[in-house]
Amino acid sequence: MKKDWNTWLRKRLTGRIGEDDIMEVAYLTQGEENNPVKEALYALLFDSDDRVAENAAWIFAHFDRANNEWLYDKHEALIDEAMRTPRIPKRRMLLGLLLRQPFYEETIRTDFLDFCLERMMAAAEPVGIRAYCMKLAYLQCRFFPELLSELRQALEIMEPEYLSSGLKVARRNLLKEMEKNDW
């Protein structure tokens, strides 16, 4: 009898999940033979129940490198959901997933770049989202010297004395990376 993964996963993700739950579901999705389980989990990223959607994102955040590549084909949908969701924890996890994906010059989306640039500068945004947006902005700007110059200027006007420790480190590391690559 074929297991109804969607129903089983949804039931598991409805409540609080711990490390054991995360590891069990991540284990069940490993390898190509378990792509139907990955598909069911992926569908739950867009569930109307915020807890279910955030728990699904939390599990994807624990995928190993090989299984994380399965999400590469979902790049555009992940970007759309990260920009659309009002839920801070879900947005942070989706941005983290996007950081683990490649960005290519020919597929850069200006709406997402604008989103990242705006969020990294927004003092009202949580530190994690601002730091992720800095890094994602860099991954997109690095192909275009004029955009990289704008990013550098934006980072330089961020006054370190008003930044949290995490943002100071992210800012400093990106500026070092730009210097190292002569940008």
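These legends walk through several close-up views of a predicted model. Residues are numbered from 1 along each chain as its sequence is written, and side-chain values use heavy atoms, with hydrogens and water left out. In this predicted model, local features need pLDDT of at least 70 and side-chain atom pairs count only at pLDDT 80 or more, while totals for chains, interfaces and linings use all residues.

**View 1. Helix 9 and its neighbours.**
Let us start with helix 9, which covers residues 127-141. Helices here are DSSP runs (H or I, at least four residues), numbered from the N terminus. From its first C-alpha to its last, helix 9 reaches 21 Å with 15 residues, close to the 21 Å expected at 1.5 Å a residue; the expected span is 1.5 Å times one less than the number of residues. Of its 15 residues, 11 are buried, where buried means under 20% relative accessible area, exposed over 50%, and partly exposed in between (1.4 Å probe, protein chains only). Among the buried ones are Ile-129, Met-134, Tyr-138 and Cys-141. The buried residues of helix 9 pack against helix 7 (88-99), helix 8 (110-121), helix 10 (145-157) and helix 11 (165-180).

**View 2. Two cysteines, Cys-116 and Cys-133.**
The structure holds zero disulfides, a disulfide being a pair of cysteine sulfur atoms within 2.5 Å. For Cys-116, the nearest cysteine sulfur is that of Cys-133, 4.4 Å away.

**View 3. The largest pocket.**
Which residues line the largest pocket? They are Arg-16, Ile-17, Arg-51, Glu-54, Asn-55, Trp-58 and Met-93. On a 1 Å grid over the protein atoms alone, a pocket is an open set of points with protein on both sides within 12 Å along at least five of seven lines, a cavity is a set where a 1.4 Å probe fits but cannot get out, and lining residues have an atom within 4 Å of a point. The space in this pocket is about 160 Å³; a volume is the space filled by probe spheres set on the points, which are joined across faces, edges and corners. Helix 4 (residues 50-60) gives the largest share of the lining, four residues.

**View 4. The largest cavity.**
One cavity of 30 Å³ or more turns up in a search of the whole structure. The largest cavity has a volume of about 40 Å³. Its lining includes His-75, Ile-79, Phe-103, Arg-109 and Gln-140.

**View 5. Glu-81 in helix 6.**
Is Glu-81 buried or exposed? Glu-81 is buried, with a relative accessible area of 9%, and lies in helix 6 (residues 75-84). Leaving aside neighbours within four places in sequence, Glu-81 is in contact (heavy atoms within 4.5 Å) with Leu-45, Phe-46, Lys-90 and Leu-94.

**View 6. Tyr-72 in a loop.**
Tyr-72 sits in the loop between helix 5 (65-68) and helix 6, and counts as partly exposed at 32% relative accessibility. Not counting residues up to four places away in sequence, Tyr-72 touches Arg-100, Gln-101 and Pro-102. Tyr-72 and Pro-102 are 30 residues apart in sequence, and their C-alpha atoms are 7.8 Å apart in space.

Methods. Helices (H or I, at least four residues) and strands (E, at least two) are DSSP runs, numbered from the N terminus.
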